[in-house]
Amino acid sequence: APVMGASAVPAPMPKIDVSAYECVTDISRLDRWITRARETGTLGFDTETDSLQAASANLVGISLAVAPGEACYVPLAHGGTDMFAEKPVQIPMEAALAKLRPLLSDPSVLKIGQNLKYDMSVVARYDVQITPYDDTMVMSFALDAGRQAHGMDELSKTHLGHECISYKSVTGTGKSQIGFAAVPLSDATRYAAEDADITFQLKNCFTPLIKKRGVEKVFEEVENPLVRVLVDME
């Protein structure tokens, strides 16, 4: 199989402008994003949490993308750990999830995620089902299983020519590192919405390649469904 590289990009992608993302802090704005997702029929999706372990991770926020460059972040539990600290204005967790649950399980809207096994496991504890879905990490694996790295940052560099904002650049490192819940909403929005946007654009890039390489059947019937099986097993 030909080696995947920057030359594999099928069409010029829109320039990624992280300042264009919206921070969604009221229900009426969230409704508009949900309506837009139903219009486009495709939704980039990512979660921000307070742990790398899905079994114990709490939701901090959710990011959505409805078209290339059109993405937002919905903060749900920002404000740090100090109970007396002032929390930024955000939609109450249950109110936001009540709106998002029907969308995330809507059969007419395809959800796109990167390493969705993690996100599915986290949101399942909030009674959220993600279906139907395509996982860009699994797409990358179907295209080139021998590739060293299938992480989003690597895939973005290779296929979109874009360097993603690093987690450390918004949380800091070492002793001064803060949890994502303590990251100011402006920084959190740029970082989190970029993840959903990049994932959406990777899907657009990979879909024609999967057809061209003739790995559509194995991806759709074997590899992609395995994500759900692994989540259920865990």
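**Burial and overall fold**

Q: How much of the protein is buried?
A: This is a predicted model, and in it 48% of the 234 residues count as buried.

Q: OK, secondary structure. How many helices and strands does the protein have?
A: Eight helices and six strands. Going along the sequence, the pattern reads β-α-β-β-β-α-β-α-β-α-α-α-α-α.

Q: Why call the protein as compact as a globular one of that length?
A: Its radius of gyration is 17 Å, and the globule rule gives 17 Å for 234 residues, so the protein is as compact as a globular protein of that length. The box around its C-alpha atoms, along the principal axes, is roughly 60 × 35 × 35 Å.

Q: What share of the contacts joins residues at least 24 apart?
A: 68%, counting contacts between residues at least 6 apart in sequence.

Q: Now the helices. At what angle do H1 and H2 pack?
A: About 5°, with the axes 11 Å apart; H1 covers residues 27-40 and H2 covers residues 93-104. Angles under 35 degrees count as roughly parallel, so H1 and H2 are roughly parallel to each other.

Q: Which residues meet there?
A: From H1, Ile27, Leu30, Asp31, Ile34, Ala37 and Arg38; from H2, Ala95, Ala96, Lys99, Leu100, Pro102 and Leu103.

Q: And by class, how many are nonpolar, polar or charged?
A: The contact of H1 with H2 has nine nonpolar and three charged residues, and no polar ones.

Methods. Residues are numbered from 1 along each chain as its sequence is written. This is a predicted model: local features need pLDDT of at least 70, side-chain atom pairs count only at pLDDT 80 or more; totals for chains, interfaces and linings use all residues. Side-chain values use heavy atoms; hydrogens and water are left out. Axes are lines fitted to C-alpha atoms, for helices over the stretch in contact, and angles run from 0 to 180 degrees between N-to-C directions. Helices (H or I, at least four residues) and strands (E, at least two) are DSSP runs, numbered from the N terminus. Angles under 35 degrees count as roughly parallel, over 145 as roughly antiparallel, 65 to 115 as roughly perpendicular and the rest as oblique. Contact means heavy atoms within 4.5 Å. Ala, Val, Leu, Ile, Met, Phe, Trp, Tyr, Cys and Pro count as nonpolar, Asp, Glu, Lys and Arg as charged, and the others, Gly among them, as polar. The radius of gyration is taken over C-alpha atoms; the globule rule is 2.2 Å times the number of residues to the power 0.38. Buried means under 20% relative accessible area, exposed over 50%, partly exposed in between (1.4 Å probe, protein chains only).
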